[in-house]
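Subject: Structure handover

Hello,

Here is the structure we talked about passing on. My notes follow below it.

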Amino acid sequence: VSDVPTPNEPPSSEPPTTSTSTSVPPTSTTAPPGTRRITDAGIEVHLPSGWEGEIYRRAPDTLEFADAVPRSRRQQPTTRSVVHIANFPLPAVRGDYGSGAVEIMRDEDILVILFEFEPESAAQPMFGRAGLPVLQAADFDPNEMQRPLPGMAGCQRFFNVDRERSFCLFVVIGSYADRDTLVRRVNDVLGGITIEV
Amino acid sequence: VTVLVVVEAVVVGLLAVLVAGLLRSHAEILRSLHDLGAGHESEEATPAYTTTPPAVRDGVVGPGTGATAHDLVGTLPGGGQRSVVVTGQELPTLLAFLSTGCSTCGAFWAAFSDPMALDLPGEGTRVVIVTRGPEAESPADVERLAPRAVTTVMSTEAYENYAIPGSPYFVLVDGATSSVVGEGSGTSWTQVQSLLRAAAADSGWAVKPGAGRVARAGGRAREARADAELRAAGIDPGHDSLYPATIADVEAAVLDADPAPREP
């Protein structure tokens, strides 16, 4: 994970707060005309025309443990897949949760991020939702941004895929006022994502 | 003795024919290599090339004639995939087709380490480095050379879509019209910059003013603003208040900065 702070995560004991969203289990999709496809690590994204995307995995740092640290705790960090999808040019340098990209967003812009957690998390209550959610305009809140920016709003949801993979979905829209319009485009993009176990 | 002389003469004759054939074959190989442009990548080997002005490649649809641009999908050197949209965009994109193997490309890999210093044609122009795919280039080598601040994708499909003749090669795409406005090669960034500017001017390409994206907050703009405010307050790099030794130092600095400290 980069130096970007993790979004505000609810306590692990807290159930998901997406009562207004419906869960959509991953299904195979056929690429509509004009779309492009990127795929890696069991994640497939069909990008609508004009949308950019990237699936990557950041090389983890190697930790050096002090002699006093028990062997059982000497576990090196691992990183898993991160997906960034945007309808604007994604800058080369970005944090895993979109810092560097969020700041240049305009009103009509959308940034969709999938951040994968370790498989063990899939059984945790925080990731209890099954499959990618469908978002509602009411799910977006200016205070769900990592750092509130004027006019913008964010939405963060956690979910699992077949209880074997766990993800955070973090979406930023450039205009909170236009959330009704923008959320439809968000759901169109989410519908083009397939995650395999 | 006579037999030996005759045999020796025959052998010498055969060798002469063989040598002549080899020389002729060598000459044909050199001619073919020259026709293919071999040797143009090495500045040291062919110093005269550096004085050759860059030019748009012959046989390619020239700048300004609306050669169609293509979006890219490629592999990331560190693993994963990336798509880059260059068509239907407000901003122009400079596609830099580079290789890890060509000596001339080395200067460009280095030049792109600081894209802000490139003085790119257009406003808000984005640079994307493209290499051939993993089947033709070592991802580890590409990752080692790829500048952190520039998107780098490995895509043989992009080489084919843009009919790239070799590396280094540069294509300037106008996102608004989804067309190529300039393309060509050179041995230095200065040459390429000059080529692209000329090609863009010849094509009548006009950059939309104010097209560049400005950060609402954060990034370099935010850092610059914070620096300016700190300097205005008399806090320069190395100022004592930036290196408090104790919590009392922090509290003292806060009290100094607060024009109306609260009463205890």
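A salt bridge here is a side-chain nitrogen of Lys or Arg within 4 Å of a carboxyl oxygen of Asp or Glu. One such pair joins Arg82(B) to Glu54(A), with the closest N and O atoms 2.7 Å apart. Chain B and chain A share four salt bridges.

Before the rest, some conventions. This is a predicted model, where local features need pLDDT of at least 70 and side-chain atom pairs count only at pLDDT 80 or more, while totals for chains, interfaces and linings use all residues. Residues are numbered from 1 along each chain as its sequence is written, chains are lettered from A and ligands numbered from 1 in the order in which they are written, and side-chain values use heavy atoms, with hydrogens and water left out.

**The interface**

Chain B puts 28 residues into the contact and chain A puts in 30 residues (contact: heavy atoms within 4.5 Å). The buried area is about 2,300 Å², and carbon and sulfur atoms give 43% of that. Buried area is the accessible area (1.4 Å probe) that two parts lose on being put together, summed over both.

S4(A) and S3(B) pair in the antiparallel sense over three bridges. Ile55(A) stands opposite Gln81(B) in this pairing. Strands are DSSP runs of E, at least two residues, numbered from the N terminus; two of them pair if DSSP finds at least two bridges between them.

**Strand S5 of chain A**

S5(A) covers residues 81–86, and six of its six residues are buried, so the strand is largely enclosed by the rest of the structure. Buried means under 20% relative accessible area (1.4 Å probe, protein chains only). Side chains in a regular strand alternate between the two faces of the sheet. Here both faces are covered: Ser81(A), Val83(A) and Ile85(A) lie on one side, and Val82(A), His84(A) and Ala86(A) on the other.

S5(A) has paired neighbours. S4(A), residues 52–57, runs antiparallel to S5(A) and is joined to it by six bridges. S6(A), residues 110–117, pairs with S5(A) in the antiparallel sense over five bridges. Ile85(A) stands opposite Gly53(A) and opposite Val112(A).

**Leu172 of chain B**

Leu172(B) lies in strand S7(B), residues 169–174. Leu172(B) is buried, with a relative accessible area of 0%. Leaving out residues up to four places away in sequence, Leu172(B) touches several others, including Leu94(B), Pro121(B), Val180(B), Leu196(B) and Trp205(B).

Best wishes

How values were computed:
Buried means under 20% relative accessible area, exposed over 50%, partly exposed in between (1.4 Å probe, protein chains only). Helices (H or I, at least four residues) and strands (E, at least two) are DSSP runs, numbered from the N terminus.
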